[in-house]
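Please open the structure in the viewer and keep the selection tool at hand.

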Amino acid sequence: GGKPSIGLNTYQNHYAESISSDYPMIAVSDTRNFQFQNLCSILKVKVKGNGESLSQIKVTSKAGEPLSGFATVEFENDEPVLNFKEGYADVTLNCSSLTLSNEAQECYTVIPPQVYADGLELVFVTEDWQYMTVSTAKNIETKRSQMHEIAVSFEEDSLPDGMYVVGTVAG
């Protein structure tokens with residue numbers, strides 16, 4: 001038979017204290033016993049603020065590795081591996097007006113497990129179109145069935161209208 005294929009959505013939705021329903025799994029068996037395996041990694045973004053209403057978080061792979069798109073699933077040493085046929089270097093998490101406070105809000109995005117050679121860029125956009133851009137360290141490796149955490153904060157008075165703010169966080 002052919003290889004299984006999946007699509008990783010370019011747009012995902014934020015759910016409070018939950019991972020998106022876009023978290024794909026696969027099970028292959030010659031018997032009636034199936035053991036499901038996660039195909040992706042989770043990017044956990046902890047974000048603090050001062051009452052801002054967060055609209056979205058756009059994540060971009062700075063070296064162009066796919067974060068969304070269409071892939072076939074292959075197996076290497078009984079481990080599922082995604083092989084992208086058509087990939088896009090970004091994914092956007094729609095946050096539905098998530099209100100930020102000094103208590104970190106956790107946002108989860110499903111991403112492919114791989115090494116991001118030049119790191120990731122995250123653009124946080126508020127409902128009133130203020131934005132903050134954060135770049136991570138290089139050579140971020142995400143693994144299947146594991147979470148990679150990034151923590152950021154909207155600093156008071158750091159987002160004047162129309163200003164492009166750049167900060168670096170450890171990733």
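Which residues form a nonpolar patch on the surface? In this predicted model, select Met25, Phe34 and Phe36, which make up that patch. Together they have about 350 Å² of accessible area.

Keep phenylalanine 36 selected. Phenylalanine 36 lies in the loop between β3 (25-26) and β4 (37-38). Its relative accessible area is 54%, and because exposed means over 50%, phenylalanine 36 counts as exposed.

Select Val47, Leu54, Ile57, Val59, Leu122 and Phe124, the residues with the most contacts inside the largest nonpolar core, which has 24 residues. The elements that give two or more residues to this core are β5 (41-48), β6 (53-61), β9 (90-99), β10, β12 (120-126), β13 (131-135) and β15 (147-153). Of these, β9 gives the most, with four residues.

Not counting residues up to four places away in sequence, leucine 54 touches a set of residues including Val47, Cys95, Leu98, Leu100, Phe124 and Phe154.

A second, separate core has 12 residues, and Ile42, Leu82, Phe84 and Val110 are among them. Select these four names to locate it.

The last stop is threonine 109, in strand β10 (residues 105-111). Is threonine 109 buried or exposed? Its relative accessibility is 2%, and because buried means under 20%, threonine 109 counts as buried. Display its contacts as well: leaving aside residues up to four places away in sequence, threonine 109 touches Gln12, Ser41, Ile42, Leu43, Val91 and Leu93.

Key
Residues numbered from 1 in each chain as written. Predicted model: local features only at pLDDT ≥ 70, side-chain atom pairs only at ≥ 80, totals over all residues. Heavy atoms only, no water. Buried < 20%, exposed > 50% of the residue type's maximum accessible area, 1.4 Å probe, protein only. Contact = heavy atoms within 4.5 Å. Patch = residues over 30% accessible without salt bridge, like charges linked within 9 Å, V, L, I, M, F, W, Y side chains within 5 Å. Areas by Shrake-Rupley, 256 points an atom, 1.4 Å probe, with all protein chains shown as cover. Salt bridge = Lys/Arg side-chain N within 4 Å of Asp/Glu carboxyl O. Core = buried A, V, L, I, M, F, W, Y, C linked by side-chain atoms within 4.5 Å.
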